[in-house]
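Here is a friendly walk through one protein structure, for someone meeting it for the first time. Have a look at it, and then we'll take it piece by piece.

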Amino acid sequence: GAAPGVPTDIVPTEWERGSSVEVGWNAYANHAGGYIYTLCPKSKMDNCRDAYLPNGATGATQPQTDAYLLCVWTCFESNTLEWVPQSQTLQYADDPCTYVETIAVTKTGSDGRIWRESPIPDTAQVTNGNDGRCSWDAVKPGGFSSGLAEEKFTASFGGAEGCDTGPDNHGPKS
């Protein structure tokens, strides 16, 4: 095994440059906003570790830890992934057959990086005049995978006559 404080060897997933890969994320508590995907090659992370954590993570000083984290963060920020156009679905739990295809909206941040808007607004986000769109406005025409998907969407985010006041627009329940 690895020495104390030194991570074990990790075998990273390899993707062909330019390929499309399905990924996902979980919005436990919706604060609207959006998301972005970045990667840092393992070799660069190893370089950061070797340069700033000579005694491993548990033996590092705070300045060493801070320098390491800055190195890794900079690596991730310099490798933002591109989006597959109009590729965004809202899947229910671990059921790949129950989903809603949504209209993807990308935005450019002040740093020039392109991120994707969350398809579901926070509670009263749009109603109160803030940026965003109503839950049903994000649904592609014919975007429900099944009647069950539409039922779950309606139960979570309200009917088409509503906007952003469904019981799960924010979550988690108290």
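## The cysteine links

With 100 degrees about the S-S bond, the link of Cys40 and Cys75 is right-handed. This pair forms a disulfide with its sulfur atoms 2.0 Å apart, where a disulfide is counted as a pair of cysteine sulfur atoms within 2.5 Å. Cys40 sits in the loop between strand 1 (34-35) and helix 1 (42-52), while Cys75 belongs to helix 2 (residues 62-77), so the bond ties together parts that are 35 residues apart in sequence. Helices (H or I, at least four residues) and strands (E, at least two) are DSSP runs, numbered from the N terminus.

A word on what you're looking at: this is a predicted model, in which local features need pLDDT of at least 70 and side-chain atom pairs count only at pLDDT 80 or more, while totals for chains, interfaces and linings use all residues. Residues are numbered from 1 along each chain as its sequence is written, and side-chain values use heavy atoms, with hydrogens and water left out.

Back to the cysteines. How many disulfides does a search of the whole structure find? It turns up three. Here they are side by side.

| Pair | Sulfur atoms apart | About the S-S bond |
|---|---|---|
| Cys40 and Cys75 | 2.0 Å | 100 degrees, right-handed |
| Cys48 and Cys71 | 2.0 Å | -70 degrees, left-handed |
| Cys134 and Cys163 | 2.1 Å | about -90 degrees, left-handed |

The link of Cys48 and Cys71 is left-handed, with -70 degrees about the S-S bond. It connects distant parts of the chain: Cys48 is in helix 1 and Cys71 in helix 2, 23 residues apart.

As for Cys134 and Cys163, their sulfur atoms are 2.1 Å apart. Cys134 lies in the loop between strand 5 (114-117) and strand 6, and Cys163 in the segment after helix 3, so this pair ties together parts that are 29 residues apart in sequence.

If you number the bonded cysteines of the protein in sequence order, the pairing reads 1-4, 2-3, 5-6.

Are these cysteines tucked away or out in the open? Buried means under 20% relative accessible area, exposed over 50%, and partly exposed in between (1.4 Å probe, protein chains only). Cys40 and Cys75 are both buried. In the remaining pair, Cys134 is buried with a relative accessible area of 16%, and Cys163 counts as buried at 14% relative accessibility. There is also Cys97, which counts as exposed at 56% relative accessibility.

Three strands form an open sheet in the order 2-3-6, with antiparallel pairing; two strands pair if DSSP finds at least two bridges between them. Strand 2 and strand 6 are the edge strands, each pairing on one side only. On average, neighbouring strands of this sheet are turned by 30 degrees against each other, direction ignored.

Strand 2 and strand 3 run antiparallel and are joined by four bridges. Strand 2 has a covered face with Leu90 and Tyr92, and an uncovered one with Thr89 and Gln91.

## The helix across the sheet

Which residues of helix 3 (residues 147-157) are buried? They are Ala149, Phe153, Ser156 and Phe157. Seen down the axis of helix 3, these fall within an arc of 70 degrees, so they line one face of the helix; the arc is that of the directions from the helix axis to the C-beta atoms.

The face turned away from the buried side of helix 3 carries the exposed residues Glu151 and Ala155.

What do the buried residues of helix 3 pack against? Their partners are strand 2 (89-92), strand 3 (95-102) and strand 6 (139-144), with contact meaning heavy atoms within 4.5 Å. Helix 3 lies across those strands, running at about 90 degrees to strand 2. Axes are lines fitted to C-alpha atoms, for helices over the stretch in contact, and angles run from 0 to 180 degrees between N-to-C directions. Just after helix 3, Gly158 takes a positive phi of about 90 degrees.
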